[in-house]
Amino acid sequence: METKCQPMIQIWIDTEQKIASFHEVAGLNPFCCYSREQFMSYTFALTEEGFRFM
C-alpha cells in the first residue's frame, strides 16, 4: 500500500508575473511545503525575488 504525504501548506506561484498566493488560484502552479521551516524559507526567498503576495 502506497503512503502519500500531505503538504502542510501550498503556495500557488506565477513566475511570469511574480505573484504568490496562499489560496488556490486557477492557472497558477502549486508548491507544496511539508514543514514550517520549508514554508518560511520559501516565502522569504520569494520576497527576495520580488514576488507579490495575494
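**Loops, rings and cut-offs**

Modeller: Let's start with K18, which sits in the loop between β1 (9-14) and β2 (19-21). This is a predicted model, so local features need pLDDT of at least 70 and side-chain atom pairs count only at pLDDT 80 or more, while totals for chains, interfaces and linings use all residues. Residues are numbered from 1 along each chain as its sequence is written, and side-chain values use heavy atoms, leaving out hydrogens and water.

Biologist: Why is K18 called partly exposed?

Modeller: Its relative accessible area is 35%. Buried means under 20%, exposed means over 50%, and partly exposed is in between (1.4 Å probe, protein chains only), so K18 at 35% is partly exposed. K18 also has a positive phi of about 55°, although it isn't a glycine.

Biologist: And what makes R36 exposed?

Modeller: R36 has 52% relative accessible area, so it counts as exposed. You'll find it in helix α1 (residues 36-48); helices (H or I, at least four residues) and strands (E, at least two) are DSSP runs, numbered from the N terminus.

Biologist: How many aromatic pairs are there?

Modeller: A search of the whole structure finds three. One of them is F22 with F53, a stacked pair.

Biologist: What makes that pair stacked?

Modeller: Rings of Phe, Tyr and Trp (its six-membered ring) pair if their centres lie within 6.5 Å; planes under 30 degrees apart count as stacked, over 60 as edge-to-face, and the rest as tilted. F22 and F53 are 5.6 Å centre to centre with 10° between the planes, so they are a stacked pair.
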